[in-house]
Amino acid sequence: MPAKSAAQQKAAGAALSAKRGETPKSRLKGASKQMVESMSEKQLEDFAATKRKGKPEHVDD
């Protein structure tokens, strides 16, 4: 599933980095902190790989 906004894509990238051990989990904030716990590495890869071009910065759901 692709990210719906640039903010989701960025948060997924941060969470993926923490999940892989490249970034300490203590540096995560907001949505990325929840994503690292609730999503698999494959799901995070799918979100993080979404192109940002044409995506809004934020989406109200």
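A salt bridge here means a side-chain nitrogen of Lys or Arg within 4 Å of a carboxyl oxygen of Asp or Glu. The model is a predicted one, so local features need pLDDT of at least 70 and side-chain atom pairs count only at pLDDT 80 or more, while totals for chains, interfaces and linings use all residues. Residues are numbered from 1 along each chain as its sequence is written, and side-chain values rest on heavy atoms, with hydrogens and water left out.

On that basis, a search of the whole structure turns up four salt bridges. One of them joins the side chains of Lys-42 and Asp-46, at 3.0 Å from N to O. These two sit four residues apart in helix H3, so about one helical turn separates them; helices are DSSP runs (H or I, at least four residues) numbered from the N terminus. Lys-42 counts as exposed at 52% relative accessibility, whereas Asp-46 is partly exposed at 30%. The cut-offs are under 20% relative accessible area for buried, over 50% for exposed, and partly exposed in between (1.4 Å probe, protein chains only).

Two other pairs reach across the sequence. Glu-57 bridges to Lys-10, with the closest N and O atoms 3.3 Å apart. Glu-57 belongs to the segment after H3 and Lys-10 to helix H1, so this pair ties together parts that are 47 residues apart in sequence. Both ends are partly exposed, Glu-57 with a relative accessible area of 40% and Lys-10 with 39%. Arg-20 and Glu-45 meet at 2.7 Å, N to O. Here the loop between H1 and H2, which holds Arg-20, is tied to helix H3, which holds Glu-45, across 25 residues of sequence. Arg-20 is partly exposed at 41%, and so is Glu-45 at 29%. Arg-20 and Glu-45 also belong to a network of salt bridges that takes in Glu-41.

The segment after H3 also holds His-58, which is exposed, with a relative accessible area of 61%. Its C-alpha atom is separated by 5.9 Å from that of Ala-7, 51 residues away along the chain. Leaving out residues up to four places away in sequence, His-58 touches Ser-5 and Ala-7, where contact means heavy atoms within 4.5 Å.

Turning to helix packing, H1 and H3 pack at an angle of about 140 degrees, with their axes 8 Å apart. Axes are lines fitted to C-alpha atoms, for helices over the stretch in contact, and angles run from 0 to 180 degrees between N-to-C directions. On the H1 side the contact involves Gln-8, Gln-9, Ala-12, Gly-13, Ala-15, Leu-16 and Lys-19, and on the H3 side Glu-41, Leu-44, Glu-45, Phe-47 and Ala-48.

Several of these names come back in the largest nonpolar core, a set of 13 residues in which Ala-12, Ala-15, Met-35, Val-36, Met-39, Leu-44 and Phe-47 touch the most other members. Such a core consists of buried Ala, Val, Leu, Ile, Met, Phe, Trp, Tyr and Cys residues joined through side-chain atoms within 4.5 Å. Helices H1 (6-19), H2 (30-38) and H3 (41-48) each supply at least two residues, and H1 gives the largest share, five residues. Ala-15, for one, is in contact with Leu-28, Ser-32, Met-35, Val-36 and Leu-44, leaving aside its neighbours within four places in sequence.
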